[in-house]
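Here's a quick tour of one model for you to follow along with.

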Amino acid sequence: YDLGSVTTPGDLLTDWIGFGDAVDYRKLTLDTAAELDFTLEADGKAKFAIYTLEEKKNGYKLKKIGGTLSTGDKTPAKSGTRLLEAGEYYIGIESPTAKKGADIDYTVRVDDTSTFFTKGYNGDDIWQTANELGAIGTDGSFTDWVGCGDVIDFWKFSVDEDGLFSVGFTADDKAKLTIYELTVDKKGNEKLKKGKTLSVSDGSKSFEGLLEAGTYYFGIESTNAKKGGDADYEVSYQFNRDLGKSMLA
């Protein structure tokens with residue numbers, strides 16, 4: 001049966017496996033990416049695994065994520081951290097000695113050490129649906145988050161005339177900021193031209209350079225999202241009409 005959305009640590013499932021009922025499968029949903037630690041407690045030998053459902057030519061098949069968690073009689077077993085994207089998953093709890101008359105009560109728990117990445121927003125993950133800053137005339141700033149499940153944010157802005165553009169970038173985890181210019185190729189297709197990049201790891205950096213009148217994007221990316229990245233960031237900027245070295249050179 002369906003366990004529904006899992007959003008907090010705590011007991012996930014308590015049930016029984018054994019002779020005549022060797023394995024239980026349960027479906028769960030993660031509304032956001034999460035870094036989960038599981039504990040399996042049982043009064044006999046039991047195994048735990050987590051799966052995704054994959055579509056094959058001849059139907060659907062469960063694909064195991066990570067290793068199998070095994071426990072003996074009254075010996076809790078803890079899993080390694082499972083880094084999971086938002087989506088639907090299945091857990092399986094199995095009695096390896098069911099045919100020998102096993103009679104096992106068990107509990108699966110999501111440990112308090114787990115992290116649910118609730119700050120993510122995927123509507124700005126591509127430049128075509130970037131956040132809009134509008135035309136920049138003087139100075140300003142914005143804050144947001146990137147990390148596991150929300151690797152990159154795009155922010156669109158424009159400048160109406162040439163000028164010197166200063167950028168400050170702060171993040172409390174590994175992240176980078178890149179400036180892109182919106183260009184049009186010979187076939188009329190819009191593309192982004194990569195410019196200056198700032199990389200930080202729990203710190204701040206800044207740069208300044210010339211921007212010609214046009215449309216630009218900030219791309220802010222978590223550089224360790226696949227390892228559980230969790231970066232709150234702030235971007236500040238200032239524009240004036242004095243010319244300097246181009247940040248797109």
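## Aromatic pairs

Rings of Phe, Tyr and Trp (its six-membered ring) pair if their centres lie within 6.5 Å; planes under 30 degrees apart count as stacked, over 60 as edge-to-face and the rest as tilted. By that rule, the structure holds 16 aromatic pairs. One of them is F157 with Y216, a stacked pair at 5.8 Å centre to centre and 25 degrees between the planes. F157 sits in strand β15 (residues 152-159) and Y216 in strand β18 (residues 214-222), so this contact ties together parts that are 59 residues apart in sequence. Strands (E, at least two residues) are DSSP runs, numbered from the N terminus.

F157 counts as buried, at 1% relative accessibility, and Y216 is buried too, at 0%. The cut-offs are under 20% relative accessible area for buried, over 50% for exposed and partly exposed in between (1.4 Å probe, protein chains only). Both rings belong to one aromatic cluster, formed by F142, W155, F157, F165, F169, Y216, F218, Y233, Y237 and F239.

## Ground rules

This is a predicted model: local features need pLDDT of at least 70, side-chain atom pairs count only at pLDDT 80 or more, and totals for chains, interfaces and linings use all residues. Residues are numbered from 1 along each chain as its sequence is written, and side-chain values use heavy atoms, with hydrogens and water left out.

## A nonpolar patch

V23, Y25, L53, Y60 and L62 make a nonpolar surface patch of about 460 Å². Areas come from the Shrake-Rupley method with a 1.4 Å probe.

The elements giving two or more residues to the patch are β3 (23-30) and β7 (59-71). L62 is found in β7 and counts as partly exposed, at 33% relative accessibility.

Three strands make an open sheet, 3 strands in the order β9-β4-β12, with antiparallel pairing. β9 (82-84) and β12 (115-116) stand at the edges with a single partner strand each, so one side of each has no neighbour in the sheet.

Strands pair if DSSP finds at least two bridges between them; β4 (residues 34-36) and β12 are joined by 2 bridges. E35 stands opposite T115 in β12.

## A positive phi

Which residue other than glycine has a phi near 55 degrees? That's D202, placed in strand β17 (residues 190-211). D202 counts as exposed, at 57% relative accessibility.

Conventions. Helix = DSSP H or I, 4+ residues; strand = E, 2+ residues; numbered from the N terminus. Patch = residues over 30% accessible without salt bridge, like charges linked within 9 Å, V, L, I, M, F, W, Y side chains within 5 Å. Salt bridge = Lys/Arg side-chain N within 4 Å of Asp/Glu carboxyl O.
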